[in-house]
Amino acid sequence: MPDLMHGKLERSATGLMLAIVAAASVGGIVEIAPLFTVDDTVEQVKDMRLYTPLELAGRDVYVREGCYACHSQMIRTLRDEVERYGPYSLAVESQYDHPMLWGSKRTGPDLARIGGKYSDFWHVAHLINPRDVVPESNMPSYSWLATTPLDVRDLPLKLQAQRYVGVPYTDAMIANASSDAHGQAVPDSDQATGVSERYGEATQISAFDGVTTNVTEMDALVAYLQVLGQLTKAAYENPATSEQVPNPND
Amino acid sequence: MGQLTSGERTLGAAILIVLAILGIAMAAVGQNDPLGTHGGMIFLVSVGLLFVLISSSFGPEPDPARFSKYYDDPIKVGVALTLIWAIFGMFIGVWAAAQLAWPSLNFDTAWASFGRIRPAHTSGVIFGFGGNALITTSYHVVQRTSRARLADQFSPWFVLLGFNLFCLIAISGYFMGVTQSKEYAEAEWYADIWLVIVWVAYFILFVRTLARRKEPHIYVANWYYLAFILVVAILHIVNNLAVPISFAHAKSYTVWAGVQDSMVQWWYGHNAVAFFLTAGFLGMLYYYLPKRAQRPIFSYRLSILSFWGITFFYMWAGSHHLHYTALPHWVQNLGMTFSVMLLVPSWASAGNALLTLNGAWDKVRDDATLRFMMMAAFFYGLSTFEGSFMAIRPVNSLSHYTDWTVGHVHAGALGWVAMITFGALYTLVPSIWKRERMYSAGLVELHFWLALVGTLIYVFAMWNSGIIQGLMWRTYTQDDTLAYSFVDTLVAMYPYYIARAFGGLLFLIGAIVAAYNVWMTVRTPEPAPSSAGEDLPLGDRPVATPLPAE
């Protein structure tokens, strides 16, 4: 009987096609569709802030250089990870991440809570030559970022596109994107005040690469790294216990 | 392209002219952006192809007798492209592996840094090598098993060359930093749109050819090719929905965010493995293995069970890549459950293949080509077992983020995908070029051992490094503090990184040997034509030259 039914199916290209599409659709629909409607997929937190234009530009540099190939941004609910990296990652922390950069391989350490852990100076030295600060490192050098000026002209377009996909940037944020990027990397400039107005007092305004005369891709990348894990304090406020995985030494 | 009719030539010219104009437009609007560079490349490629087309256009109209032959010209070009991408992709892979041990091997250039060449390696081997192998063999298999010629002469070229244009744009983009950072789907929006057009043409061509079949049943291998074409289209479109920042920029933002993006990404990522790297290549296995062993497939019922099991179960399994993450627990558990169940249909196919060889072991011993296919089936069984095992939560907590995953992926890529492809190519090449056999059986033998030893070194190095690193990360001292810093675990990896680069190098040398062997096979003079009738489609016979009655 099953053979008979299948015999029919394999005589008809259309039937076979429809059956394949039907069989292959169920899993995706069951697992993906509810993620958009179930309330507890992403926690609601009040203090979640947006990436500033400079940080977003830094994120784009991170994407462009394929950093996700070696660094994850997802601290799992495992005891050793929480102790090594910090509180485990919440869904809300990547709520505005298009795309998410959770990664799948750690050739280098996880970066989900790297923000604030090291000084700007350390990051710049590390990116210029990783082996100057970590002799055993096998990370490539990104020294040329410090001499590449950041293209700030595209930033309004980028914020606009981010708004299309659901990130709540305001009109003022989009209109001032280029000047905000400049202001965040040049403290004491006129443009700097607008950044804290639009993105909050906690926004770090700093000469990230140590040079205040220009805005480079290094400024952007360091600004991004320094805000990782700092967009909301939610993960630090509910220190729920992490899962215990058997200790190999026990 | 000499066989194109004048209508098909005009269509080809029209499409190439449109592409060339599109290329110029992209070059103009994207002057200060990689998009402009890509526009220039598209323009050059279209103009180059236009010249090839025009230079062949002065020939006479094709002989109506062509309908009594299979259309093998695109297959020949496809074989060459497959081997070129194999060598390119594997070379980049060895280079990337070497960079992990010796970071200065990027020579301090941005384009050659690890983060940019790694996607060039994965896309080069998966899409360049694997994709061309799939398109090429599907043209061969669907004609022979349907006993019908490809539906027309234009679309096979459009699909093959269009797909290679996609690969070219995608991979040259990574060197320039054009990527959307979605694993196995790094290409940006315009390359993705182009791929959709090519893929729809592929689907239509495949189905039209099936519709011309002279056999009542659709042969098993074609089920797999059909599933591969259909589901890859669905996966590609959903995963790559994105908003470009403007039509003059290569940059876009994916519409999915955060946790939803992670699920879509791995639903796609895991099923790229399922429908590109498994279903497609199972199509290859189900045709070339019985053919080469000269034995029918062991069990028809197992084929059915395996096919529907794979088509249904795989789609659920992607979330096992997200254990212990912010993805809701229930999705993680569903993914794990289906991943474990997936072992049944996977082993049904692996067993079906190995049992087909039962009774032909003497051939396996003597014929390195058949041995390639046997090892492929063996590695398929091994990596699907490993995959189900690694999807189990506690195992995954150890393996995830380590080289164990890389080792697992390469047991599949080198052991299964590449070996079945080489087995298929060694069967296909003499048949298409009408030679008795490959130029050198000894070189096939040499290639087999290079490939096998390379794979074993690679996989064992990665198993070791992965498990060691995973264990070191979670080792505690007696004072209940972490025993190792991250850098300690990285230092422990260096010997394995070197071993892996060496294993990969052996595999690359094997691929070069294969390319040389194929080149020499094609160059040997064609033997005197045998009596026609062996390898010809049924029907579509020209009135002038009726085939002899059977």
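Guide: Let us begin with the area between the chains. Buried area is the accessible area (1.4 Å probe) that two parts lose on being put together, summed over both. In this predicted model, the area buried between chain B and chain A is about 8100 Å², and carbon and sulfur atoms give 64% of that area. B:Tyr253, B:Tyr401 and B:Tyr476 supply 11% of the area that chain B buries against chain A, more than any other three residues.

Visitor: How many residues of chain B are in contact with chain A?

Guide: Contact means heavy atoms within 4.5 Å. By that rule, 99 residues of chain B are in contact with 87 residues of chain A.

Visitor: How many salt bridges and polar contacts does one find across the interface of chain B and chain A?

Guide: A salt bridge is a side-chain nitrogen of Lys or Arg within 4 Å of a carboxyl oxygen of Asp or Glu. The rule finds four across this interface; A:Glu65 and B:Arg116 meet in a salt bridge through their side chains, at 2.6 Å from N to O. A polar contact is a pair of N or O atoms within 3.5 Å; within protein, one must be able to donate a hydrogen and the other to accept it, and residues adjacent in sequence count only if both atoms are side-chain atoms. Across the interface, 32 residue pairs are in polar contact, both residues being at pLDDT 80 or more.

Visitor: Which helix gives the most to the side of chain B that touches chain A?

Guide: Helices are DSSP runs (H or I, at least four residues), numbered from the N terminus. Helix α8 of chain B, residues 258–293, gives the most to that side, with ten residues. The residues of that side divide into 56 nonpolar, 29 polar and 14 charged. Here Ala, Val, Leu, Ile, Met, Phe, Trp, Tyr, Cys and Pro count as nonpolar, Asp, Glu, Lys and Arg as charged, and the others, Gly among them, as polar.

Visitor: B:Thr278 lies in helix α8 of chain B. Is B:Thr278 buried or exposed?

Guide: Buried means under 20% relative accessible area, exposed over 50%, and partly exposed in between (1.4 Å probe, protein chains only). B:Thr278 has a relative accessible area of 4%, so B:Thr278 is buried. Leaving aside neighbours within four places in sequence, B:Thr278 is in contact with B:Val273, B:Tyr314, B:Tyr380 and B:Trp416.

Visitor: What is to be noted about the backbone?

Guide: A cis peptide bond joins A:His98 and A:Pro99, with omega about 0°. A:Pro99 is in the loop between α4 (79–85) and α5 (120–128) of chain A. Phi of B:Tyr324 is near 65°, a positive value in a residue other than glycine. B:Tyr324 lies in the loop between α9 (300–313) and α10 (329–341) of chain B and, at 6% relative accessibility, counts as buried.

Visitor: How far may the coordinates be trusted?

Guide: pLDDT is the predictor's confidence in each residue, from 0 to 100. Chain B averages a pLDDT of 93, and 96% of the residues score at least 70. Over residues 540–550 of chain B, however, the pLDDT is below 50. Where pLDDT is low, the predicted coordinates should not be read in detail. The model scores ipTM 0.93 and pTM 0.94.

Visitor: Which conventions apply?

Guide: Residues are numbered from 1 along each chain as its sequence is written, and chains are lettered from A and ligands numbered from 1 in the order in which they are written. In this predicted model local features need pLDDT of at least 70, side-chain atom pairs count only at pLDDT 80 or more, and totals for chains, interfaces and linings use all residues, while side-chain values use heavy atoms, with hydrogens and water left out.

Technical notes: Helices (H or I, at least four residues) and strands (E, at least two) are DSSP runs, numbered from the N terminus.
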